[in-house]
Amino acid sequence: MSGEDLLDINESGENTFSQIFSKPPMLSSSRKLWSAMSLEHHYLPPGETLEYSLKQFVITINLGQSFQVERAVNRHLQTGLMFTGSVGLCPMHTPQAIRWDREANVLLLKLEPELLTCNAVELLDTDEYEMLPHLITQDALIHQIGLGLKTQLKTKGSDSRLYAESAATFLAVHLLQNYSTQKFSIQEYEGGLPQQQLKKAVDYIQDNLAQEISLDAIADYLGISRYYFCRLFKQSTGLSPHQYVIQQRVERAKQLLQRGEMSIAHVAQACGFAHQSHLNRHFKRLTGVTPKTLFKF
């Protein structure tokens, strides 16, 4: 295949693989939901692709039965058995063409290059790194993160952003540490956030519960990286930022419901939930009762 035949796909929107695969994804995120990473869940019949190149770093996770795969990367042929739970990695701007011999149930995660570069600069003090392709590997952490993201997107939709941002950060650091040509070591801290920074983080969350809260906004407010904020916040509170925000939104909803001055739908909106059903789900999960139990309107 000549270089003129290469599909150079640079859009970062929804359904990036629509030019590559014959069927649309069963599930897909978009930049409106997740800013630095996207997800597509595909059921694909046996087939093959033209040679293509993406500007994102692509992770393939096999959720279904094993299948035989052939991949030409930079015109070098690789073959192997993509077993259940296995992971494939393809760095950005890497020409590849793929063939598979049976139906494939795969999850595709696309990481924007800025996500990797940002974490490399913040944590490793360099923007010089080279990611390595892997046709098939076993990585329990990547598999677990992929399944968690799929569940969050499917069940919570627009309420999944903070979770996705945290997951993307840990995923980027894991990839830099384990799948780049240079082996990096990251300084770790124990003991959680200093009390003053923890108070600032908690106050910021409380002041912005009704709004969409991003991981970048909190970390920038504290003047630390997203990675360290996520790790140290959980050490301090026992909860991830996503879990803590949901807990605090439910607590505020309890207070508003007991006052009886707003409808349940307006309480959901005032507490930052996407809609009333999101409030109902989280409220029942954390308190054991529905919002209507406390409703005094």
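The questions that follow concern a predicted model, and each answer sets a computed value against its cut-off.

Q: Why is I61 called buried?
A: I61, which is found in strand β6 (residues 57-62), has 0% relative accessibility, and because buried means under 20% relative accessible area, I61 counts as buried. Leaving aside neighbours within four places in sequence, I61 is in contact with S86, V87, N105, V106, L107, L109, I142, H143 and G146. With one of these, L107, the C-alpha to C-alpha separation is 5.0 Å in space, although I61 and L107 are 46 residues apart in sequence.

Q: How do you know that E40 forms a salt bridge with K110?
A: The closest N and O atoms of E40 and K110 are 3.4 Å apart, and a salt bridge requires a side-chain nitrogen of Lys or Arg within 4 Å of a carboxyl oxygen of Asp or Glu, so the pair qualifies. E40 lies in strand β3 (residues 37-44) and K110 in strand β11, so the pair ties together parts that are 70 residues apart in sequence. Both E40 and K110 are buried.

Q: What joins E48, E70 and R99 into one network?
A: E48 forms a salt bridge with R99, the closest N and O atoms being 2.9 Å apart, and this pair links strand β4 (residues 47-48) with strand β10, 51 residues apart. The side chains of R99 and E70 also meet in a salt bridge, at 3.2 Å from N to O, and here strand β10 is linked with strand β7 over 29 residues. E70 is partly exposed, with a relative accessible area of 29%. Salt bridges that share partners join E48, E70 and R99 into one network, and the structure as a whole holds 9 salt bridges.

Q: How do you know that K150 has no salt bridge?
A: The nearest side chain of opposite charge to K150 is that of E103, 14 Å away, whereas a salt bridge needs the nitrogen within 4 Å of the carboxyl oxygen, so K150 has none. K150 lies in helix α2 and is buried. Not counting residues up to four places away in sequence, K150 touches L27, L39, H41, L63 and L107.

Q: What makes a space in this structure a cavity, and how many cavities of 30 Å³ or more are found?
A: A cavity is a set of points where a 1.4 Å probe fits but cannot get out, and a search of the whole structure finds 3 cavities of 30 Å³ or more. The largest cavity has a volume of about 270 Å³, and its lining of 20 residues includes T60, V69, M82, I98 and L108, which lie nearest its centre. That lining divides into 16 nonpolar, 3 polar and 1 charged.

Q: What makes the largest pocket a pocket rather than a cavity?
A: A pocket is an open set of points, whereas the probe cannot get out of a cavity; about 570 Å³ of space lies in the largest pocket. Of the 20 residues that line this pocket, Y163, S166, K234, S240 and Q243 are the closest to its centre, and the lining divides into 10 nonpolar, 7 polar and 3 charged.

Methods. Residues are numbered from 1 along each chain as its sequence is written. This is a predicted model: local features need pLDDT of at least 70, side-chain atom pairs count only at pLDDT 80 or more; totals for chains, interfaces and linings use all residues. Side-chain values use heavy atoms; hydrogens and water are left out. On a 1 Å grid over the protein atoms alone, a cavity is a set of points where a 1.4 Å probe fits but cannot get out, and a pocket is an open set with protein on both sides within 12 Å along at least five of seven lines; lining residues have an atom within 4 Å of a point. Grid points are joined across faces, edges and corners, and a volume is the space filled by probe spheres set on the points. Ala, Val, Leu, Ile, Met, Phe, Trp, Tyr, Cys and Pro count as nonpolar, Asp, Glu, Lys and Arg as charged, and the others, Gly among them, as polar. Helices (H or I, at least four residues) and strands (E, at least two) are DSSP runs, numbered from the N terminus. Buried means under 20% relative accessible area, exposed over 50%, partly exposed in between (1.4 Å probe, protein chains only). Lys and Arg count as positive and Asp and Glu as negative; His and the chain ends are not counted. Contact means heavy atoms within 4.5 Å.
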